[in-house]
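Visitor: I have a structure to go through with you. Shall we take it question by question?

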Amino acid sequence: MDDNLDCPVLITGNEQSRFLSERYGYKEWMISRFLNFIPYPEKMLDYIHDSKNLHYYIRVNTLRTNPQELKRRLGDKGYHLNETILKEVFEIKNPGFGGIQIKDAGITTAQLNNNEDNDNKDAVTMQKGYDLQSSKDSDLGLKQPSIGSTIEYLKGYYYIQDLSSCIAVEELEIHDGSGLVVLDMAAAPGGKTTHIAQKLNNMGAIFACESNSNRLASLLFNLSRCFVQNTAVLNMKAEEINELELRFDRVLLDAPCTCEGIIMKDNSRKKSRNLVDLETCSIRQKKMIISGFNVLKPNGLLIYCTCSFAPEENEMIIQHLLSNHKDAQIEPLLYGMNGLTSFSKYQFDEKMVYTKRFYPHIHATNGFFIAKIRKKPN
Ligand SMILES: C[S@@+](CC[C@H](N)C(=O)[O-])C[C@H]1O[C@@H](n2cnc3c(N)ncnc32)[C@H](O)[C@@H]1O
């Protein structure tokens with residue numbers, strides 16, 4: 001369990017990885033890695049390949065409405081909402097762009113790359129669907145505005161957000177009226193910040209860090225759209241949070257990552273990332289998690305998550321924290337598949353099974369990783 005881990009771990013390709021990378025259009029290094037740690041990797045590649053398997057979810061904003069009322073309103077407009085394991089999250093069967101591919105909806109890769117996060121992509125895609133609807137409604141067979149363009153969306157009654165992202169916030173153990181002080185270390189465009197605000201019922205306080213000033217507008221827009229009134233936005237690197245001399249009851253680190261888990265929604269990621277990107281992300285994640293843990297109060301909770309499959313961005317980051325902070329302990333999570341306890345030549349802490357992984361072909365979500373860490377009381 002030493003912390004001297006090579007990153008990224010290099011895995012040699014073989015005939016199978018060559019065949020699969022050609023068949024599905026990936027860089028081979030990604031496939032040779034997937035074959036090593038993803039359950040039923042060929043099934044996943046096949047599943048991701050078919051856009052009919054895409055799942056979309058919305059989270060009800062309880063600062064504005066409640067699940068029954070939203071279901072009724074959207075039902076009246078022809079949307080089909082199914083319940084999920086979380087009572088505030090619905091799966092939406094007909095999000096309103098009639099099965100149009102991202103490419104067909106006129107969104108360029110450049111636009112997508114500007115969005116580092118998974119959930120915002122859903123919203124962008126669906127808003128584009130509406131543009132198309134106004135011009136070519138009959139061609140596309142759309143019967144209602146896309147779910148990213150309804151009056152209810154604009155009024156902040158819901159947020160388009162993957163189920164896995166919502167589970168991460170649920171695990172922060174925030175209860176209504178608890179008056180907690182929460183740090184969101186990587187906030188734009190605000191999916192998880194707005195979720196935390198509703199969990200707090202707009203009480204307590206949220207400090208939302210975002211280092212990229214180009215992404216502040218989307219964050220501020222969503223905070224305002226969703227009626228959030230307890231959040232201070234900080235345009236800074238979250239690694240520097242210690243300088244503010246604040247301490248937090250909860251810390252969320254939805255870390256900037258290689259986003260392997262959203263290839264289904266952004267095909268360009270099959271080829272656009274390389275091993276250096278993986279290394280860069282991993283280095284930054286290590287710095288961020290240590291900074292976040294340092295400002296956590298004793299007995300406080302830190303949730304770390306990524307939309308990546310890579311152990312270098314997931315279990316290895318948690319191992320780095322455990323190796324550097326004896327007062328960090330992993331707590332169990334309710335949903336998902338157990339985290340890896342080993343990868344390549346490395347063995348991780350035995351409690352790494354408490355961390356959870358989500359896979360599109362198993363959980364019908366984005367690829368996602370969540371770890372829950374408690375700081376031991378003094
Ligand atoms: C995965 S996205 C966050 C998505 C967001 N939590 C949500 O649920 O909508 C990661 C974000 O971290 C930001 N970021 C990258 N490096 C950062 C840093 N050092 N400090 C703070 N934010 C950072 C990126 O610009 C990006 O907006």
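Visitor: Which residues does Leu340 touch, not counting residues up to four places away in sequence?

Guide: This is a predicted model: local features need pLDDT of at least 70, side-chain atom pairs count only at pLDDT 80 or more, and totals for chains, interfaces and linings use all residues. Residues are numbered from 1 along each chain as its sequence is written, and side-chain values use heavy atoms, with hydrogens and water left out. Contact means heavy atoms within 4.5 Å. On that basis Leu340 touches Phe37, Pro311, Glu315, Phe348, Met352 and Arg357.

Visitor: Is Leu340 buried or exposed?

Guide: Leu340 sits in the loop between strand S11 (337–338) and strand S12 (342–343); strands are DSSP runs of E, at least two residues, and helices runs of H or I, at least four, numbered from the N terminus. Buried means under 20% relative accessible area, exposed over 50%, partly exposed in between (1.4 Å probe, protein chains only). Leu340 has 15%, so it is buried.

Visitor: Which side chain does the side chain of Lys199 join in a polar contact of 3.0 Å?

Guide: Lys199 belongs to helix H9 (residues 191–199). A polar contact pairs N or O atoms within 3.5 Å; within protein, one must be able to donate a hydrogen and the other to accept it, and residues adjacent in sequence count only if both atoms are side-chain atoms. The partner of Lys199 is Glu170.

Visitor: Which residue has a polar side-chain atom 2.7 Å from a nitrogen atom of the ligand?

Guide: A polar backbone atom of Ala186 is 2.9 Å from a ligand nitrogen. The side-chain atom at 2.7 Å from a nitrogen of the ligand belongs to Asp254.
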